[in-house]
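I opened this entry to look at sheets, helix packing, domains and the chain contact. My notes follow in the order in which I looked things up.

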Amino acid sequence: MNKNIVVIGGGVAGMAAAGKLREFGYEVTLIEKEKELGGNVKNWYKVFPDFTDAAEIINKLKGELKGIRVINNATVTQINGVAPNFEVITSTGEKIDAASILVATGFKPFNAALKEEYGYGIYNNSITSIELDAMLKQHQVQTASGKPPQKIAMIHCVGSRDQQVNNNYCSRVCCTNTVKVAIEIKEQIPDCEIYCLYMDIRVFGRGYEELYRTSQEKFGVQFIRGRLSEAGEKTDGSLLLRLEDTLTAKPMRLTVDMLVLMVGMVGNTELAEIADLKVGCDRFYTTAHEQYSNNNSEKKGIFLAGTATGPKAIMESITDGRSAAAEIAAFLHSFTLENMSCDLSFRQPFASMIAGGNQFCNTPPQPSPY
Amino acid sequence: MGKLFDELKKDILYQHGMNACLNCGVCTAVCPAAEFNDYSPREVMNTVQSECDEDIKELLKSDKIWYCGQCFSCKTRCPRGNSAASVILALRRLSIRHGYFAESEKGRQQLFAKRVFGQNMLDRGYTLLAKNISPAHFPELGENWEYYYEHMEEMRQWWDVPMDLENSPGSHRQIPEQDLDEIRAIYQKTGAIALMEAVEKAMEKKLGSKAEVEKYWQTWLETGDSRNYELKGENKS
């Protein structure tokens, strides 16, 4: 058995896992489809709740990759064999032996143009949260005509919790991200009025609620409970919004200079066929068990981490990557123990777990052939 | 929970139109009727969702369920896939079955709907005939309509869609009696006839007599506005 592990996806989850596996003494090959590591996070400015610079996170995780082979600009096109003797073939034509594989291929941002009523791609001043973040990074938040906006509306749940686009799940990070960018706008343009249009505020993590409260108390960010029905463009390029303030039960109109669509996460299932992974009805990868095997896929030796298995915040993705590293280490350790012919009875619960001891797995528990 | 709600729940339009509502207000924000009237589809959904018979009864007796224009804009926007317009239809049927519609001014207009659209369907297989649209009731249609209204028969000859010709194209064709019988059978079977009868019955009860219902009908025919009929005594509302 070789001791190489292939990690697919060089975002925060993949990097965190790779770094930890290296620390455990494994050889690791990290495959990234883009030319730079860092996934979606490398594009961000500062992250909630503490305004850590995203670059700091990327640099920290990159610093843990010493001795790891990184293949950039490559995707995985084929996976042959079974654990612990996989063969991974890349789009660059390389064949890599792997004892185990970690899929950490992350998410794709929701395509805001699918919500046509919000005017993304139609009206110049309807932008996504990703574009706003880039503007904040440049300290150049401005309308299409180059002026600093005086009034901004932020729309929660764009592509999330919405049966109309078949995304019934909550993307989890958009609410807190809205609060974060609202504060940043206020810091850069103090007299700008900000209205956040929400269905429910879901700021659930440590320090998130405090951030929400700060945005109201210290920065005067306004929150209106109502979902945007549609936006229309006025002749001056500003946007007329129709919504209901459901707490006062009043249909209202709001004119803003800029509309920011807080886009949710969409599952990235590019490897579903190649790695023989199951996909849930939310179109994220299915784990072997939602509660206690959430880094295992149903395929023995192939593990999952990060937003590949559903929306997660950055900190959660990093933790999930390291958790996957521990699972992989334990999985490979079991083969080593077997080769040493020692008493294996203590690891039976784990063996039966990965071999299918739960309701989602079709493979009956079998003794390991190795 | 109560009898009214249980009855509502049996309506297929309710079953299709109502998943749990999260009160986001997207329906009210997009609703053309809510813009001009004291009406909010979100509030209707919320009342129904409460399953409270008292509140539902109040709703069935109010003008609110009659403002919806059945454009279904709410359905296209709802993040939960609800259709307030469908729930409204189910509420209207319930209101008619129990006679509650007669308690509101907008509800009482069901009499005209029944006697015009309903009767047209049974007699002609069409909801609205050109003859129904009198210039006195629709002054906004202007002189052209007035001319057409007076020369309808002649003009339709020019266009080769004559009045009352069997199976000719156009809304004024005569549908063969045999086919009309089929329509009537469908209306009977689906309960539409029963609803029409319920309208007449509840109006009679509300206004006191058949003669008063005719007076109400005549007021509308003559003035185009049922508010010109004054409710008497205890019936005032």
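**Sheet in chain A**

I began with a strand pair: strand β13 (residues 193–198) of chain A and β14(A) pair in the parallel sense, over four bridges. I then looked for one bridge by residue. A:Y195 has A:Q222 in β14(A) as its bridge partner. I keep in mind that this is a predicted model.

Next I asked in what order the strands of the open sheet run. I read β11-β18-β12-β13-β14 in chain A, five strands with parallel pairing. The edge strands are β11 (126–128) and β14 (222–225) of chain A, and each pairs on one side only.

Helix α3 (residues 129–137) of chain A lies across β11 and β18 (258–263) of chain A. Its direction is at about 115° to β18(A). α4(A) packs on the sheet as well, touching β12 (151–158), β13 and β18 of chain A. I note an angle of about 165° between the directions of α4(A) and β12(A).

**α4 against α5 in chain A**

I turned to a helix pair. Two packed helices are described by the angle between their axes and the distance between the axes. Helix α4 (residues 174–188) of chain A and helix α5 (residues 208–217) of chain A pack at about 40°, and their axes are 9 Å apart. The angle therefore makes α4(A) oblique to α5(A). I recorded the crossing of α4(A) and α5(A) as left-handed.

Which residues meet here? From α4(A) I list A:T176, A:V179, A:K180, A:A182 and A:I183. From α5(A) I list A:Y208, A:L211, A:Y212 and A:S215. The residues of this contact divide into six nonpolar, two polar and one charged.

**Domains of chain A**

I moved to the domain level. Chain A is divided into domain 1 (4–106 + 268–354) and domain 2 (112–264). Their centres, taken over C-alpha atoms, are separated by 34 Å. The contact takes ten residues from domain 1 of chain A and 16 residues from domain 2 of chain A. By class, the domain 1 side has six nonpolar, one polar and three charged residues.

**Domains of chain B**

I noted domain 1 (3–105), domain 2 (109–125 + 176–228) and domain 3 (129–174). Between the centres of domain 1 and domain 2 of chain B, taken over C-alpha atoms, I read 23 Å. Seven residues of domain 1 of chain B are in contact with nine residues of domain 2 of chain B. Helix α8 (residues 84–97) of chain B gives the most to the domain 1 side, with three residues. That side has three nonpolar, one polar and three charged residues.

**Chain B against chain A**

I ended with the contact of the two chains. How many residues of chain B are in contact with chain A? I noted 17 residues of chain B, in contact with 15 residues of chain A. On the chain B side, α3 (26–30), α4 (32–36) and α5 (41–49) each supply at least two residues. α3(B) gives the most, with four residues. By class, the chain B side has seven nonpolar, five polar and five charged residues.

Definitions and conventions. Residues are numbered from 1 along each chain as its sequence is written. Chains are lettered from A and ligands numbered from 1 in the order in which they are written. This is a predicted model: local features need pLDDT of at least 70, side-chain atom pairs count only at pLDDT 80 or more; totals for chains, interfaces and linings use all residues. Axes are lines fitted to C-alpha atoms, for helices over the stretch in contact, and angles run from 0 to 180 degrees between N-to-C directions. Angles under 35 degrees count as roughly parallel, over 145 as roughly antiparallel, 65 to 115 as roughly perpendicular and the rest as oblique. A crossing is left-handed if the near helix is turned anticlockwise from the far one by less than a right angle, and right-handed if clockwise. Two residues are in contact if their C-beta atoms, placed from the backbone, lie within 7 Å. Ala, Val, Leu, Ile, Met, Phe, Trp, Tyr, Cys and Pro count as nonpolar, Asp, Glu, Lys and Arg as charged, and the others, Gly among them, as polar. Domain bounds come from an automatic or database domain assignment. Two strands pair if DSSP finds at least two bridges between them.
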